[in-house]
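Morning, everyone. Have the sequence and the model open, please. I'll take it piece by piece.

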Amino acid sequence: MAKPITSLWSLKSRIIASTLLVNLVLVPLIGFALSDAFRMEMTNAEQSEMSAAMYGILALSEQEDGELELPATLQDKQFNIDQSGVYALVTAPDGDILWQSGSLLSLSAPTQLPFPPLGQSQFGEIEFNQQAHFIFSFSARFAATSAEQAPLTFAVHIIKTEQILAATQAQFSQTIWRWLLALILVLLLFQAGWLWWTIRPLARFKQELSAVEQGQQQHISSHYPTELAQVAEQLNLLISNEQRQRQRYRNALSDLAHSLKTPLAVLSSIKALPAEAHEPIQTINDSISHQLKRAQSSGNLAWHRGISVAPIAEQLGRTLPKIYRDKSLQLQLSVADNALFFGEEGDLTELLGNLLDNACKAAQQQVALTVLQQAQELQIIVEDDGPGIAEHLQQQIFQRGVRADTYDKGHGVGLAIVKDLLESYQGHWQITRSEQLGGAKFSVHLPRGC
């Protein structure tokens, strides 16, 4: 069964990413929109103010002998103060200046001023005195007072610096960004609390699921939000059904073993039975025991209890040197504290026992066991200082009845059992030469789940 493809983005990381997207993208966009809207409103206000000033000047305009007459000073003092930033002038269609305000006294009047169609206004920007200015222009015409005179056509221009607007805009932007920054901080604090409150049931669910896998509890509690409660209920039902099926399976196998072994025992006790029949009967008996034990191994099921490897390895480390006392074996154990085998304890004992027993038979004096717990698999490495295993035997040695020439004991069954167990748990193995001890090196990999 293929391993499920997991996304690189967890739910927690997705929520955090979306939160940061809202805070760091959406809120600044709101700030830019408010700043732009404020500038637009201020610009419209400037246009209205300049339009009112234009109509004030237009109201003071008079025609005298075909020429435009305007007072030297205006009621608005800004037009009377030199370089005040607010200017007014009147131009003819050909660009000649007919009148200008006192604020242009020491400045050269701008050239190429717009002249909108008669009776229409125009608002825009102009570069004047090396600064950006707004300009509002309106064209008008005085009718001729006599048949000899031509109508008087002219345009009134109001020019105002943008510095005041820029200063107001900067002050507004500083204020709005200060408040938006405070808003982002408040939102981050609020969303952090909301994220913790939202993710907390998932974290607790993960802890309970891990506890069930490691055998620390039998079921998952149902005190979860509605969505997770339904998942917990289905998982508990799955666990209960799996446990009941395993128990029924074991009971049936136990009954089968008893029903088969009793007739075999009776056959073995028959004195009239030829001597050559005893060995096949014993072989059948051993084969039945092994196959039943293999069938009882539940393999890589989803709800195996995690078995700690260290205690079983230490027990074997105390027992095997006594069995091979004549070799004065030194058995070195290096087992990770967090190493867990997700399966039957008997299967783990038989797996380690056969691997170590095989190494002890081939070793001269040293055997090393290393057990590592990696993210998704358990790695078991058994090394010895024996002569090693020939390359052409590295695959055959796992077949029943086949053993290396360097083994003076055994019938080649132990590694076949190891192979059966590894296939049951969907593990794989590799035989190489040990860099540390010089003999054979058995590397076994058992996946955490599949």
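Gln-373: buried, partly exposed or exposed? At 24% relative accessibility, Gln-373 counts as partly exposed. The cut-offs: buried is under 20% relative accessible area, exposed is over 50%, and partly exposed lies in between, with a 1.4 Å probe and protein chains only.

Some housekeeping. This is a predicted model, where local features need pLDDT of at least 70, side-chain atom pairs count only at pLDDT 80 or more, and totals for chains, interfaces and linings use all residues. Residues are numbered from 1 along each chain as its sequence is written, and side-chain values use heavy atoms, with hydrogens and water left out.

Back to Gln-373. It lies in strand β11, residues 366-373. Strands here are DSSP runs of E, at least two residues; helices are runs of H or I, at least four; both are numbered from the N terminus. Leaving aside neighbours within four places in sequence, Gln-373 is in contact with Ala-336, Asn-338, Ala-339, Leu-340 and Leu-378. Contact means heavy atoms within 4.5 Å. Val-335 is 38 residues away along the chain, and its C-alpha atom is separated from that of Gln-373 by 8.8 Å.

Next, the helix pair. The axes of α1 (residues 11-60) and α2 (residues 163-213) come within 9 Å and cross at roughly 160°. Axes are lines fitted to C-alpha atoms, for helices over the stretch in contact, and angles run from 0 to 180 degrees between N-to-C directions. So α1 and α2 are roughly antiparallel to each other; that term needs an angle over 145 degrees. By class, their contact has 22 nonpolar, 9 polar and 2 charged residues. Nonpolar is Ala, Val, Leu, Ile, Met, Phe, Trp, Tyr, Cys and Pro; charged is Asp, Glu, Lys and Arg; the others, Gly among them, are polar.

Now the open sheet. It has 5 strands, in the order β4-β3-β7-β6-β5, with antiparallel pairing. Two strands pair if DSSP finds at least two bridges between them. β4 (97-100) and β5 (121-128) stand at the edges with a single partner strand each, so one side of each has no neighbour in the sheet. Inside, β3 (residues 86-91) and β7 (residues 152-161) pair over 6 bridges. Tyr-87 stands opposite Ile-159 in β7.

Last, the hairpin. β13 (residues 428-433) and β14 (residues 440-447) run antiparallel, joined by 6 bridges. Arg-433 stands opposite Ala-440. Between the strands are 6 residues, and Gly-438 takes a positive phi near 90°.

How values were computed:
Parallel < 35°, antiparallel > 145°, perpendicular 65-115°, else oblique.
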